[in-house]
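Hi,

Here is the structure I promised to pass on to you.

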Amino acid sequence: MEMATAYASLGAKVTIVEALPRLISSEEQFAAARSRMRLEALDVEVVLGVKATAVQRAHEKGSVTLELEDGRSFTGDELLCAIGRTPHTDGLGLEELA
């Protein structure tokens with residue numbers, strides 16, 4: 001979402017595709033709704049609840065097409081895939097801070 005905001009702010013046409021029924025599903029519902037409103041204010045298209053099934057590049061430096069399970073597809077210059085984050089906190093001694 002951070003990169004979508006940055007690229008949209010710079011004038012790029014951005015579409016976010018999320019397989020889950022809402023953005024940032026690990027956060028509170030109001031935060032997800034507020035984030036979506038902010039993205040849409042930047043003209044970011046948000047597609048929720050649908051999985052990607054295929055990605056194809058036209059040729060070595062050509063456009064990229066993302067196909068979705070519901071039959072829709074999106075074509076653009078580039079594709080950024082973000083599949084989540086995992087904190088790397090082992091060995092930091094966080095359990096000793098409590």
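To start, which residue in E5 does Thr 65 stand opposite? Thr 65 stands opposite Thr 75 in E5.

Before the rest, a word on conventions. This is a predicted model, where local features need pLDDT of at least 70 and side-chain atom pairs count only at pLDDT 80 or more, while totals for chains, interfaces and linings use all residues. Residues are numbered from 1 along each chain as its sequence is written, and side-chain values use heavy atoms, with hydrogens and water left out. Helices (H or I, at least four residues) and strands (E, at least two) are DSSP runs, numbered from the N terminus. Two strands count as paired if DSSP finds at least two bridges between them.

The sheet

Thr 65 belongs to strand E4, which sits in an open sheet of three strands with the order E3-E4-E5 and antiparallel pairing. E3 and strand E5 (73-76) are the edge strands, each pairing on one side only. On average, and with direction ignored, neighbouring strands of this sheet are turned by 15 degrees against each other. For that angle, axes are lines fitted to C-alpha atoms (for helices over the stretch in contact), and angles run from 0 to 180 degrees between N-to-C directions.

Five bridges connect strand E3 (residues 52-57) with strand E4 (residues 64-68). Among the pairs, Arg 57 has Val 64 as its bridge partner, and Ala 52 is opposite Leu 68. E3 and E4 form a hairpin with six residues between them.

Why call E4 enclosed? Four of its five residues are buried, so E4 is largely enclosed by the rest of the structure. The cut-offs here are under 20% relative accessible area for buried, over 50% for exposed, and partly exposed in between (1.4 Å probe, protein chains only). Thr 65 has a relative accessible area of 19%, so it counts as buried. Its side chain makes a polar contact with the side chain of Thr 75 at 2.9 Å. A polar contact is a pair of N or O atoms within 3.5 Å; within protein, one must be able to donate a hydrogen and the other to accept it, and residues adjacent in sequence count only if both atoms are side-chain atoms. Setting aside neighbours within four places in sequence, Thr 65 is in contact (heavy atoms within 4.5 Å) with Ala 54, Val 55, Gln 56, Ser 73, Phe 74 and Thr 75.

The cores

The largest nonpolar core has nine residues: Ala 4, Ala 8, Val 14, Ile 16, Leu 23, Leu 39, Leu 42, Val 44 and Val 46. By nonpolar core I mean a set of buried Ala, Val, Leu, Ile, Met, Phe, Trp, Tyr and Cys residues joined through side-chain atoms within 4.5 Å. A second, separate core of five residues includes Val 47, Val 50, Leu 68 and Phe 74.

Helices and loops

Tyr 7 is in helix H1 (residues 2-9) and is partly exposed, with a relative accessible area of 45%. Not counting residues up to four places away in sequence, Tyr 7 touches Ala 12 and Val 14. The C-alpha atoms of Tyr 7 and Leu 42 are separated by 9.8 Å, with the two residues 35 apart along the chain.

Helix H2 (residues 29-41) has 13 residues and reaches 18 Å from its first C-alpha to its last, close to the 18 Å expected at 1.5 Å a residue. That expected span is 1.5 Å times one less than the number of residues.

Two loop residues may interest you for their backbone angles. Most residues other than glycine have a negative phi. Ile 24, however, has a positive phi near 30 degrees; Ile 24 lies in the loop between strand E1 (15-18) and H2 and is partly exposed at 30% relative accessibility. Asp 43 has a positive phi of about 65 degrees although it is not a glycine. Asp 43 is in the loop between H2 and strand E2 (45-48), and it is exposed, with a relative accessible area of 62%.

Best wishes
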